[in-house]
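Notes follow in the order I looked things up.

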Amino acid sequence: MGKVNYSAVPRVNPKQPSSGYKYYAQAQSSGDVTTRELGDRIQRSCSATYSDVMAVLTGLETEITDALKRGEIVRLGDLGSFQLSLSTKSGGASSEELLDASFIRKARIVFRPGLALRSAPKDLTFQKVEMKSSTVKDGTAKYASSGGGNTPGE
């Protein structure tokens with residue numbers, strides 16, 4: 001069972017900006033794990049050497065990148081899958097014939113978690129902690145964010 005820290009973050013509902021702030025739970029990171037740290041952890045739990053593990057992890061990164069550039073879906077079993085998604089310019093084309101590459105605004109990578117990752121959050125406990133913040137140049141607090149929402153200072 002894992003423990004996740006969270007803090008209360010004030011946000012404005014964009015559909016009702018005059019309603020003021022309400023507080024929402026936001027997960028607080030307990031740190032990062034680098035590829036090298038993963039390599040070390042993996043080699044300690046199997047018969048592969050650190051060098052072997054790092055070669056596979058580096059190769060995996062390269063192969064995922066290359067496959068996505070070829071328009072392929074990358075399926076990593078119970079871990080999940082990666083694929084490209086396209087954003088089209090606002091309004092779209094008025095007909096299929098008029099839709100060409102100039103209408104594509106950007107490509108992004110979509111990750112869909114597999115069974116192993118989808119089941120990971122089921123056995124979590126939560127601990128409320130103080131909100132992480134950093135000070136910006138004018139001396140006011142800027143709230144750390146893991147993305148999304150209308151948090152003051154963002």
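**Salt bridges**

I began with R70, which forms a salt bridge with E72; their closest N and O atoms are 3.1 Å apart. For a salt bridge I take a side-chain nitrogen of Lys or Arg within 4 Å of a carboxyl oxygen of Asp or Glu. E72 comes out partly exposed, with a relative accessible area of 37%. My cut-offs there: buried is under 20% relative accessible area, exposed is over 50%, and partly exposed is in between, with a 1.4 Å probe and protein chains only.

Before going on, I noted that this is a predicted model, where local features need pLDDT of at least 70 and side-chain atom pairs count only at pLDDT 80 or more, while totals for chains, interfaces and linings use all residues. Residues are numbered from 1 along each chain as its sequence is written, and side-chain values use heavy atoms, with hydrogens and water left out.

How many salt bridges does a search of the whole structure find? I got 2. Besides R70 with E72, there is R44 with D40, where the closest N and O atoms sit 2.9 Å apart. Both R44 and D40 belong to helix α1 (residues 35–44), and they are 4 residues apart, about one turn of the helix. Is R44 buried or exposed? I have R44 as exposed, at 59% relative accessible area, and D40 as partly exposed, at 30%. A reminder to myself: side chains of opposite charge can pair when their charged atoms come close.

**Overall layout**

Next I counted elements and got 3 helices and 8 strands. Helices here are DSSP runs of H or I with at least four residues, strands are runs of E with at least two, and both are numbered from the N terminus. Read from the N terminus, the order is β-β-α-α-β-β-β-α-β-β-β.

I then checked burial over the protein: buried residues make up 13% of its 154 residues. Of the contacts with a separation of 6 or more, 41% are between residues 24 or more positions apart. Contact means heavy atoms within 4.5 Å.

**The three-stranded sheet**

I looked up an open sheet of 3 strands, ordered β2-β1-β6 with mixed pairing. Which strands stand at the edges? They are β2 (21–28) and β6 (124–128), each with a single partner strand, so one side of each has no neighbour in the sheet. Neighbouring strands of this sheet are turned by 40 degrees against each other on average, direction ignored. The axes for that are lines fitted to C-alpha atoms, for helices over the stretch in contact, with angles from 0 to 180 degrees between N-to-C directions.

Strand β1 (residues 2–12) pairs with β2 in the antiparallel sense over 8 bridges; I count two strands as paired if DSSP finds at least two bridges between them.

**β3, β4 and β5**

β3 (residues 74–75) runs antiparallel to β4, joined by 2 bridges. The two form a hairpin with 4 residues between them, and G77 in the turn has a positive phi of about 55 degrees. β4 and β5 are also antiparallel, with 9 bridges.

I followed S81 through this region. S81 is the bridge partner of R75, and its own partner in β5 is R112. S81 is buried, at 10% relative accessible area. V74, in strand β3, is buried as well, at 12%. Among the residues that V74 touches are I64, L68 and F82.

**Aromatic pair**

Last, I searched for aromatic pairs and found 1. F82 and F111 make a tilted pair, 4.8 Å centre to centre with 50 degrees between the planes. F82 is in β4 (residues 80–88) and F111 in β5 (residues 104–113), so the pair ties together parts 29 residues apart in sequence. Rings of Phe, Tyr and Trp (its six-membered ring) pair if their centres lie within 6.5 Å; planes under 30 degrees apart are stacked, over 60 edge-to-face, and the rest tilted. F111 is partly exposed, at 33% relative accessible area.

Technical notes: Lists of a residue's contacts leave out its neighbours within four places in sequence.
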